[in-house]
Amino acid sequence: MSKPMLLADFVRLPPTVRGDVVEGLAAAIDIVAERGPPSHRFLRFGWYAAALAAYGGAARTLVVEEDGAPVVALPFVGHRRFGVAAVPGCRWPFRSVGVALGATDAALRIALVTLAAQINGLRLGPICDGDPAATALIAIARAQRWIALERTPGRAAPTPLDDRAFWRAAVADPVLARMIRQSEASIDGAGGAIAIETGDGIYRAARNASGQPIPSPESAPTREWLLLRPGLPALLGRMFGWVWTRTGRPHW
């Protein structure tokens, strides 16, 4: 009689990883958002759809699956001729991407290989320092010879309360509607406040009756990133990257 094999005797195979880019916003965005860190669970299909409705653009979505389960969902819009894309969304509280908790480095590598076949560069941000999804993606990008340029956004800009069309569209998603708290004054008056309640905290923004923004103590420093794929885009980034780093953008 053969000796039975113990569980420890079996070799665990690495997950099967597959990446693809689909037209429009993929349904996998919500799956990845629910599997991501609580701080990022508002980055849902409805969030990105609200950005397209308010600001325009035609989206595509990078989806990476591990063993058939979506672990990365990265919507992007951009100029197909020049190949520079950006993650859509509202500048507040941040523009990041969906990465499920437990997603492997292999999934992020496949994400970048798949993106490199579609675009020359990707704009991320503003993103809070220490953002888990962006930090991991940027580290893998640098290891794969992408160029990562960063800059600190400027501060002289309107508050997110001015993005009325975006917030009206966002609350069409019932899950987002339960997270977003917006005062009526932010719609019809100068003052007002808005908050997004996530599983591990609250993002807040407000302005006083004269329309001046009120800093939120929870706000972390943010940066904008430009990732340029290996080859000519990366070479151009090395030569002219100083233009990006010296050009500030509105904080919101």
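**Salt bridges, helices and a cavity**

Me: E34 to start with: buried or exposed?
Reply: E34 counts as exposed, at 53% relative accessibility. Buried means under 20% relative accessible area, exposed over 50% and partly exposed in between, with a 1.4 Å probe and protein chains only.

Me: What kind of model is this?
Reply: This is a predicted model, in which local features need pLDDT of at least 70 and side-chain atom pairs count only at pLDDT 80 or more, while totals for chains, interfaces and linings use all residues. Residues are numbered from 1 along each chain as its sequence is written, and side-chain values use heavy atoms, with hydrogens and water left out.

Me: Back to E34, then. Which residue forms a salt bridge with it?
Reply: The partner of E34 is R44, and their closest N and O atoms are 3.6 Å apart. The two residues are ten apart in the chain, with E34 in helix α1 (28–35) and R44 in the loop between α1 and α2 (45–55). A salt bridge here is a side-chain nitrogen of Lys or Arg within 4 Å of a carboxyl oxygen of Asp or Glu. Helices (H or I, at least four residues) and strands (E, at least two) are DSSP runs, numbered from the N terminus.

Me: And R44, buried or exposed?
Reply: R44 counts as buried, with 8% relative accessibility.

Me: Which residues are linked with them in a network of salt bridges?
Reply: The network joins D30, E34, R44 and D173.

Me: How many salt bridges does the count come to?
Reply: The count comes to nine. One of them joins the side chains of R18 and E65, at 3.2 Å from N to O. This pair links distant parts of the chain, 47 residues apart: R18 is in strand β1 (residues 17–23) and E65 in strand β2 (residues 60–66). R18 counts as partly exposed, at 46% relative accessibility.

Me: Where does E150 come in?
Reply: The side chain of E150 meets that of R223 in a salt bridge, with 3.2 Å from N to O.

Me: New topic. How many residues does helix α3 have, and which are buried?
Reply: Helix α3 (residues 105–116) has twelve residues and spans 17 Å from its first C-alpha to its last, close to the 16 Å expected at 1.5 Å a residue. The expected span is 1.5 Å times one less than the number of residues. Buried in α3 are A107, L108, A111, L112, T114 and L115. Down the axis of α3 these buried residues fall within an arc of 165 degrees, so they line one face of the helix. The arc is that of the directions from the helix axis to the C-beta atoms.

Me: What do they pack against?
Reply: The buried residues of α3 pack against β1, β2, β3 (69–79), β5 (98–99), β6 (121–128) and α4 (132–143).

Me: And in α4, which residues are buried?
Reply: In α4 they are A133, A134, L137, I138, I140 and A141. They fall within an arc of 165 degrees seen down the axis of α4, so they line one face of this helix. They pack against β3, β5, α3, β6, β7 and β12.

Me: Where is W146, and what is it in contact with?
Reply: W146 sits in the loop between α4 and β7, and it is buried, with a relative accessible area of 5%. Apart from its neighbours within four places in sequence, W146 is in contact (heavy atoms within 4.5 Å) with L112, L115, A116, A141, L227, L228, R229 and P230. W146 and P230 are 84 residues apart along the chain, yet their C-alpha atoms are separated by 5.0 Å.

Me: Last one: what volume does the largest cavity have, and which residues line it?
Reply: Its volume is about 60 Å³, and the structure holds one cavity of 30 Å³ or more. A cavity is a set of points, on a 1 Å grid over the protein atoms alone, where a 1.4 Å probe fits but cannot get out, and lining residues have an atom within 4 Å of a point. Grid points are joined across faces, edges and corners, and a volume is the space filled by probe spheres set on the points. The lining consists of V32, A33, G36, P37, H40, L43, V97, G98, V99 and A133. α1 and β5 each supply at least two residues of this lining.

How values were computed
On a 1 Å grid over the protein atoms alone, a cavity is a set of points where a 1.4 Å probe fits but cannot get out, and a pocket is an open set with protein on both sides within 12 Å along at least five of seven lines; lining residues have an atom within 4 Å of a point.
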